[in-house]
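I begin with the terms and then go through the parts one by one.

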Amino acid sequence: MTLWRIRATVDDRPGYLSVLTASLALRGVNILAVQVHTTERGAVDDFLVDAPDTLDEAGLVAAVQRGRGRDCWVARSEARGLADQPTRALGLATRLVRDPDSTGEALRALLGADAVTWRPASAGSGGGLADTTMLLDDPAGGSFALRRAVPGFTPAEYARAQALVELSAAVARRAAEQVTLVLPGGAEAAVRPATADDLPGVAELHEGCSARSRYRRYLGGAAAPSPARLRRLLEPARGLTLLATAGDVGVGESVVAMANLLAEGDEAEVALLVRDDWQRRGLGSALLRRLVRHAEQAGYAALVLHVHAENAPMLRTVRRLGRPAPAERDGALVTLTVPLTVGVPTVNGRGPC
C-alpha cells in the first residue's frame, strides 16, 4: 500500500462527499484523514489515503472524477503525513514559543509552501490570498510572502497562517518584555508580565510560601487565595502583575515571586509576595522598583502600600526606594504613600495603562 494526498473540489451539497468516498473505496483506497476547506467554488476536500500499489496517480484522479470531484490534485505522501493537522499545528506552536524567529520556517511547514520570504514592505492593500500566493503582514513590521504552485491555497489555510503569525508576535512581545535580574548574591531571576496561563505556577508559589509570608501579603488569614482571585490578580483591569521565575524555561521553571500593581483612580496599590527561600536576596526591592517605573510611565500620582507594622522586611524595602513615604498607622496596619513623578504626559486626562 502507498500513501497519497488528494485534494479535490466537491459541490457543497448533501451526499456529494459520500459519492466521492465511495468511488475511492471501490478501488481499495482507505481514507486515513480528511479536512474540508470551505470556498466560494465549493468544498475543497483534502484526503490522506492509503492506496493499493497497483493504483497510480492517473487511477486516483480518475476515481475522484468518477466521484464527482473536480480540480483534482494528487501527490505521494510520507509517513509524517499521518500526523493530523491539529497535532502538527500544536507542534509548530511549541516550536515558535521556543524560537519566535522561526516564523518563516513554521509557515512553510504548516502549509507545505514551496517558498516563504520576508520583505520589509507591508502587505498593504495587496495582502491576502491569490490562489498560489499568500501575503501576510508581520506584526513586527514587514510582511511574509508564501508561494505554492500546487495545490492552491484555501481561505482556511490563510486563517491558519494568520493565527500562526499572531502567535509568533505574541511570543516575541513577551520575550521582549522579559528581563533577567542578577541579584546581589549572584542568583538570577527572570522577570516578566503575568498572563492567565501562569495560574498553575502562581498557585504553586503560594503553596511554597509559609503561612507567615501569605499572612503578610494578604494582611489577614494565611490561606492561599482562591483560583478566581488569583486570576484577577494575574490580569488586573488596570495595572500590572510581574512574576519572577527561576530555573530553566519549561519543566524546571518555577515562579518565585509575584508583584501586583492594582490601579484605582490616580493611585495604584502595590503588594509583593516572595517565596521564603528567595527572601532577603534583593528580589523584592528589584520588583518594587520596576513597579514604580511602570506607575510613573502610566501617569499615576502615587503608590499605596498596606503593611503590617511588624513586617520589618517590607518596610525596609520601601525605604530603599529613597523616596518620601508618609505613613499612617491604624492599629497593627501601616499605610505608606509614595508620591510619583509623572514620566509620560497624559492623553485626554488619562495616563497610558
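I take axes as lines fitted to C-alpha atoms, for helices over the stretch in contact, with angles running from 0 to 180 degrees between N-to-C directions. Helices (H or I, at least four residues) and strands (E, at least two) are DSSP runs, numbered from the N terminus.

The model is predicted, so I note that local features need pLDDT of at least 70, side-chain atom pairs count only at pLDDT 80 or more, and totals for chains, interfaces and linings use all residues. Residues are numbered from 1 along each chain as its sequence is written, and side-chain values use heavy atoms, with hydrogens and water left out.

I looked up helix H1 (residues 16-25) and helix H2 (residues 57-66), and found that their axes come within 8 Å and cross at roughly 145°. For contact (heavy atoms within 4.5 Å), I wrote down Leu 20, Ser 23 and Leu 24 of H1, which meet Ala 63, Val 64 and Arg 66 of H2.

Next I turned to the sheet, where two strands pair if DSSP finds at least two bridges between them. I found 4 strands in an open sheet, ordered E5-E8-E7-E6, with antiparallel pairing. Strand E5 (115-119) and strand E6 (128-130) are the edge strands, each pairing on one side only. E5 pairs with strand E8 (residues 143-147) over 5 bridges in the antiparallel sense, and Thr 117 has Ala 145 in E8 as its bridge partner. Helix H4 (residues 103-111) packs on the sheet and touches E5, strand E7 (133-137) and E8, its direction making about 30° with that of E8.
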